[in-house]
Structure formats: C-alpha cells, structure tokens
Amino acid sequence: VKIETTMNSSYPPVKSFDEVRFETRLLAIVDVYQALVGRRSYKKSWAPPAAMKFIDQLSGIEFDMDVWDTFYEIMGKFPIGSLVELNDGSMAFVVQRTDEDLDKPVVALIRNAKGEDLTNNTLINLSDEPDIKIVKDLDNYDILGESSMDRFTNLKIS
C-alpha cells in the first residue's frame, strides 16, 4: 500500500491511507526490500545497502515516513550480512549494527588491504575506530559468487 493509494502499484485497494494499519505499512516496505535484494532468475539482486538507499528516497512519498524510520532503525544503513569495502581497501561483512551510529556497524574482516582472504576474521566496531570508514557497499554475489552465504555463516572470529 502506497501513501498515494490511487497509484497502480498500490494494493489492496483502500479509500484512505489513514485506514491502513501499521503492520500493513511495514509489510509494504519489507515487500519492496525483499523484491530488491532477493535473487530472481529474471533480474540481478541489489546489495542490501543499495536497497535501503532506494527505499529511503521513496519514504514520505510512497511509504510512511514513521514506519520507514522504524524499519531503518532495525535494519541499519548496512544490514547484517552486507559486504562492504573499508577505506584501507579491506573487505568485511557487517555482523552487528550499533545504536551509536548506523553508519558505523560492527564488521568482520574477510579480506585484508592487500587483497588476501583471511581465515581468521577480526571484529572491528567502527564506532570505536574513527579512522576506519565504510567507503562502498559491495554486491556479495559479484565478489564472492555462490560461496557468499557460506563465507558469512562460517566466519571465524579471532
């Protein structure tokens, strides 16, 4: 359900957006997020942070801003499992969001700045490291292929 209920992409039909329950408004956001990040045979999936940016641009226009704020607070700018590049050229998975700053989650390094894959993964709380920043979100499947989920679920934190 979209704020503008007369849009062709708004369903089910309702007379007014005011009568749409919170849960339905939340599911509208979840549905779009899942459609963007989900793997489909007919389209390339989006990286989770890219999907978050896209939906953020539509909040207040197509989606309820208050519900979006709740979803964003839960998911974070970089949802858990996102693959990111750090400013030193290393690569990491996001493993935990922090309440201090959604731009600075906890990450587990999987590749160092030299491009070497790591077998033991160091945790870094970016909120505690002012010199380390995320510079780019990466597409897990473009970088790691089909082994992406295995790499994430088999992290060995040292």
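Read from the N terminus, the elements of the protein go α-α-α-β-β-β-β-β-α-α. That makes five helices and five strands, where helices (H or I, at least four residues) and strands (E, at least two) are DSSP runs, numbered from the N terminus. The model is a predicted one, so to speak of local features takes a pLDDT of at least 70, and side-chain atom pairs count only at pLDDT 80 or more, while totals for chains, interfaces and linings use all residues. Residues are numbered from 1 along each chain as its sequence is written, and side-chain values use heavy atoms, with hydrogens and water left out.

Of the 158 residues, 39% count as buried (under 20% relative accessible area; exposed is over 50% and partly exposed in between, with a 1.4 Å probe and protein chains only). As for contacts (heavy atoms within 4.5 Å), 49% of those between residues at least 6 apart in sequence join residues at least 24 apart.

Helix 3 covers residues 65-75, and V67, W68 and F71 are buried in it. Seen down the helix axis, these buried residues fall within an arc of 100 degrees, so they line one face of helix 3; the arc is taken from the directions from the axis to the C-beta atoms. In general, an α-helix has 3.6 residues a turn, so residues three or four places apart point the same way. Helix 1 (22-37) and helix 2 (48-58) are among what covers the buried residues of helix 3. Over on the other side of helix 3, D66 and E73 are exposed. The ends of the helix have their own details. D64 caps the N-terminal end, with a side-chain oxygen 2.8 Å from the backbone nitrogen of D66. This is a polar contact, meaning a pair of N or O atoms within 3.5 Å; within protein, one must be able to donate a hydrogen and the other to accept it, and residues adjacent in sequence count only if both atoms are side-chain atoms. Just after helix 3, G76 takes a positive phi of about 85 degrees.

Next come two asparagines. N87 sits in the loop between strand 1 (83-86) and strand 2 (91-96), and it counts as partly exposed because its relative accessibility is 40%. Leaving out residues up to four places away in sequence, N87 touches D131, I132, K133 and V135. Its side chain reaches the backbone oxygen of D131 at 2.9 Å. N87 and V135 are 48 residues apart along the chain, yet their C-alpha atoms are separated by 5.6 Å.

N140, by contrast, counts as buried because its relative accessibility is 12%. It belongs to helix 4 (residues 140-144). A polar atom of the N140 side chain lies 3.5 Å from the backbone nitrogen of L83. With residues up to four places away in sequence not counted, N140 touches G81, S82, L83, F93, G145 and S148.

Helix 1, helix 4 and helix 5 (148-153) each supply at least two lining residues, and helix 5 gives the largest share, three residues.
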